[in-house]
Every structure is written in C-alpha cells, then in structure tokens.
Amino acid sequence: MNLSDAARKRWQNPAYRAKQRAAVARKPGWQERFWAKVDKHGPVPEHRPELGSCWSWTGAKSRHGHGWYNPGSPPAPPPTGAHRLAYMLLVGPIPEGLKLDHLCRNSACVKPIANEQGPAHTEPVTQRENVLRGNAPAAVNAVKTHCIRGHPFDAANTYVYGKGRHRRCRTCKRLAWRPRPRRPRPPPKPLKTHCIHGHAFTPENTMIYSGARACRECRRRNAREWHRRKYGWKPRV
Ligand SMILES: [Zn+2]
Ligand SMILES: [Zn+2]
Ligand SMILES: [Zn+2]
C-alpha cells in the first residue's frame with residue numbers, strides 16, 4: 001500500500017472526512033482574509049475632500065499601485081485587482097468591458113460603496129471615459145473647444161481622422177496649404193576690396209576664373225610653399 005492508497009483509505013472513513021470538513025469550515029474564508037487587508041481609515045483625497053477617507057489596500061500591490069489579491073483555488077474567483085474584488089463583493093459583478101475608475105485617484109483604494117463618511121470611490125466606466133477623466137494628454141485635449149489659433153472645434157470646422165482618434169482645425173489646415181509670398185532676397189553684399197591676407201584686389205593682382213576672384217599674390221605664395229614642401233628647396237623670390 002503506497003501513500004496515495006493510504007490517503008484514499010483515510011478519506012473513505014466518514015469520521016475523518018467530517019473532521020477535515022470542519023477544519024476547512026473553521027478556516028476564515030477568502031472574503032474575511034481579503035477584508036483583513038483593507039484599512040478603512042485611509043487618507044482623504046486632497047483634490048476632492050468631500051469623498052472622505054479611502055479604504056487603503058495594505059496587501060500586495062501591482063506595478064501600477066493597484067491592490068492585487070489571490071482569493072485561492074476555485075470556487076473562489078481568480079487573482080484580480082483588489083478594488084475589483086471589493087466591488088464584486090459589496091455591489092455585484094462588474095459589467096463586461098468596463099473599468100473601475102478611482103474618483104479619489106488613489107490606485108490602492110478599494111471603496112466601492114457609499115458610507116456615512118462619503119460616497120463610493122470607485123465606479124465602473126468605459127475605458128474611454130476612464131482615460132478622459134484622468135490627466136493624460138488625450139483628456140487634456142478632449143476638453144479643448146478651440147484650436148491654438150482660436151478657431152472653434154465645431155462640426156463644420158473640425159476634420160476628424162485616424163478612425164475618430166484625431167481631429168484638426170479645418171481653417172488652420174487650409175492656412176497651412178495656402179501659397180505664401182516668397183521672402184525677398186537680401187541685396188548682394190558689396191565686393192571685398194582686399195583678400196583674407198590683406199592684399200588689395202587691384203586689376204593686376206586679381207585673377208578671375210569661373211565667376212570667382214582670386215588674389216594673385218596669395219596664389220604665388222601658395223605655389224612657393226608647395227614647391228618648398230615637394231622639392232625641399234626655395235625658389236628665388
Ligand atoms: Zn479612495
Ligand atoms: Zn484653427
Ligand atoms: Zn592675397
């Protein structure tokens with residue numbers, strides 16, 4: 001008889017089975033263990049003090065600061081955000097596809113119902129509404145009623161593109177494509193009277209080639225230097 005046979009044999013004993021079941025019943029359920037990790041006297045949100053204290057999650061948190069809880073093996077629900085579990089326990093199932101929005105902007109808060117301290121802190125909203133309620137650029141831009149040049153974003157003046165994700169002011173779009181007058185060219189600079197080494201551009205000293213001028217004295221100097229480097233002797237000046 002091996003160990004699993006022994007376990008099966010024990011489990012067939014009604015007295016042993018009743019004792020085991022009593023032990024499981026005595027163990028606090030996952031719901032009690034869950035609420036033991038909730039501090040109902042958490043901080044009051046600064047931007048909305050009328051909401052009252054948060055129910056702070058004191059257990060494990062996800063990277064984003066949301067409480068995370070594993071209720072255990074079935075029939076308990078799978079591991080989920082603590083704010084979602086609290087909502088499911090006290091209010092009911094969260095409608096399909098909806099997110100729980102934190103009115104208090106405290107990710108670790110799990111207060112789904114109103115009490116004498118104030119209203120609920122979490123409520124189910126669509127993902128779109130959740131984004132628009134926050135401080136993300138999408139939320140900041142969505143409340144704008146005029147473009148940066150002051151044209152209104154009304155039906156006639158708004159160009160919507162990217163499957164409805166972006167919008168643009170039609171007036172500004174038109175202005176961006178209008179032909180603009182060219183900037184006039186600056187007047188040509190007066191010709192220099194001396195080369196960079198200070199020789200005068202007199203007719204005898206000036207060489208003209210393909211529209212440009214060169215100083216003959218400097219060319220002579222460069223040629224002498226080239227000779228000196230190549231042949232090691234200095235030609236007569
Ligand atoms: Zn809260
Ligand atoms: Zn505009
Ligand atoms: Zn020169």
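Domain bounds here come from an automatic or database domain assignment. I noted first that this is a predicted model, where local features need pLDDT of at least 70, side-chain atom pairs count only at pLDDT 80 or more, and totals for chains, interfaces and linings use all residues. Residues are numbered from 1 along each chain as its sequence is written, with chains lettered from A and ligands numbered from 1 in the order in which they are written.

Domains. I found domain 1 (1–36), domain 2 (37–128), domain 3 (144–178) and domain 4 (196–237). Over C-alpha atoms, the centres of domain 2 and domain 4 are 86 Å apart.

Helix α8. Helices (H or I, at least four residues) and strands (E, at least two) are DSSP runs, numbered from the N terminus. I read α8 as residues 216–231, 16 residues in all. Its first and last C-alpha are 22 Å apart, close to the expected 22 Å; the expected span is 1.5 Å times one less than the number of residues. A residue is buried with 20 or more other C-beta atoms within 10 Å of its own, exposed with 12 or fewer, and partly exposed in between; C-beta atoms are placed from the backbone. Gly232 follows α8 with a positive phi, near 75 degrees.

Most residues other than glycine have a negative phi. I looked up Arg105, with phi near 55 degrees, in the loop between β5 (99–102) and β6 (122–125). Arg105 is partly exposed because it has 17 C-beta neighbours inside 10 Å. Ser210 has phi near 35 degrees and sits in the loop between β9 (206–209) and β10 (212–215). Ser210 has 4 such neighbours inside 10 Å, so it counts as exposed.
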